[in-house]
Amino acid sequence: MSKSEKQPVFQAAGANIVGLRKSYGSNEVLKGIDLEVKPGQVVCLIGPSGSGKSTLLRCVNLLEKPNGGTIHVGGFEATDPEVDLDRMRQKVGMVFQQFNLFPHLTVLENCTVAQIKVLKRSQSEAKKVAQENLERVGLGDFGTRYPDQLSGGQQQRVAIARALSMDPTLMLFDEPTSALDPETVGEVLAIMKRLAKAGMTMLVVTHEMAFAKEVADRVVFMDGGVVVEEGPAAEVIGNPQQPRTQDFLRRVLDPTHVDI
């Protein structure tokens, strides 16, 4: 998607990651990652399971504490011990594999509770913002329903609306379609495409190669805790240069392929 096609709607901020390291005991999961996401860009992280993609994403908003390196996001240095974590996280929305909705709250309540508690918005203002974002994801009439009354795709769209209701300047998506039935994957990807077109900065862990090729400004292939290859989506997915990237994409794009 070219920049000229994007009609900025959102306030956008980037992220800059330098020398990021993360270990669990003796297992070094991230081995000095350098990554930049410019304001308004969509960057997709691809790679095999265990390559460190989700860990990287969780380090950006400090759900995981890095062991080394620096992260600048939304005007904050996330890795500064003095950072105001609550203020920083207000600017970084996150959508997980599992939807993480509160089952005892309605759809509208799921989208207002953090606004009221964290942003200190009035209930009426929070409801107005929530309703606008539910309409943005095509669920404007679902406010009184509970999560267990929704399909997986609908629940994930509510999770996106909830994140948007906090007015983030950067959105993190961790395999947002991996828990969905095949028939509902498309509706979530369509919402993400619209967000990208509207200028939302997005860092996306995904196995949806067609989505990455169409929407991403850049694709980053990770394996073994390092960045193996990165560049424009059409180049990395359509003409990868590194053997590890080539092997991964061959297996993903043709699951029946077996090397003899």
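**Pockets and helix packing in the predicted model**

In this predicted model, the lining of the largest pocket draws at least two residues from each of α2 (85–90), β6 (92–95), α3 and α5. Among these contributors, helix α3 spans residues 107–117 and helix α5 spans residues 152–164. The greatest contribution to the lining of the largest pocket comes from α3, which provides four residues. The volume of the largest pocket is about 630 Å³. In total, 22 residues line the largest pocket, and those nearest its centre are R89, M94, A114, R162 and M166. By class, the lining of the largest pocket comprises 13 nonpolar, five polar and four charged residues.

The second largest pocket has a computed volume of about 190 Å³. Its lining consists of 13 residues, of which F10, R136, L164, D167 and P168 lie closest to the centre of the pocket. Here the greatest contribution is made by helix α4 (residues 123–136), which supplies four residues to the lining of the second largest pocket. Six nonpolar, three polar and four charged residues make up the lining of the second largest pocket.

The axes of α3 and α5 lie 8 Å apart, and the two helices pack at an angle of about 30°. Because angles under 35 degrees count as roughly parallel, α3 and α5 are roughly parallel to each other. The crossing in which α3 passes α5 is right-handed. On the α3 side, the contact involves V107, N110 and C111, which meet V158, A161 and R162 of α5. The contact of α3 with α5 contains four nonpolar residues, together with one polar and one charged residue. R162 of α5, which takes part in this contact, is also one of the residues nearest the centre of the largest pocket.

Helices α4 and α5 pack at an angle of about 135°, and their axes are 9 Å apart. The two helices, α4 and α5, are therefore oblique to each other. Their crossing is right-handed. In this pair, N133, L134 and R136 of α4 meet V158, A161 and L164 of α5. Sorted by class, the residues of the contact of α4 with α5 are four nonpolar, one polar and one charged.

For the remaining pair, the axes of α3 and α4 come within 9 Å and cross at roughly 125°. This angle makes α3 oblique to α4. The crossing of α3 and α4 is right-handed. From α3, the contact includes V107, L108, C111, T112, Q115 and I116, while α4 contributes Q123, E125, A126, K127, V129, A130, Q131 and L134. The residues in the contact of α3 with α4 comprise eight nonpolar, four polar and two charged.

Terms used: Residues numbered from 1 in each chain as written. Predicted model: local features only at pLDDT ≥ 70, side-chain atom pairs only at ≥ 80, totals over all residues. Heavy atoms only, no water. Axes fitted to C-alpha atoms, helices over the stretch in contact; angles between N-to-C directions. Parallel < 35°, antiparallel > 145°, perpendicular 65-115°, else oblique. Left-handed = near helix turned anticlockwise from the far one by under 90°. Contact = heavy atoms within 4.5 Å. Nonpolar A, V, L, I, M, F, W, Y, C, P; charged D, E, K, R; others polar. 1 Å grid on protein atoms, 1.4 Å probe; cavity = no way out; pocket = protein on both sides within 12 Å on 5 of 7 lines; lining within 4 Å. Points joined across faces, edges and corners; volume = space filled by probe spheres on them.
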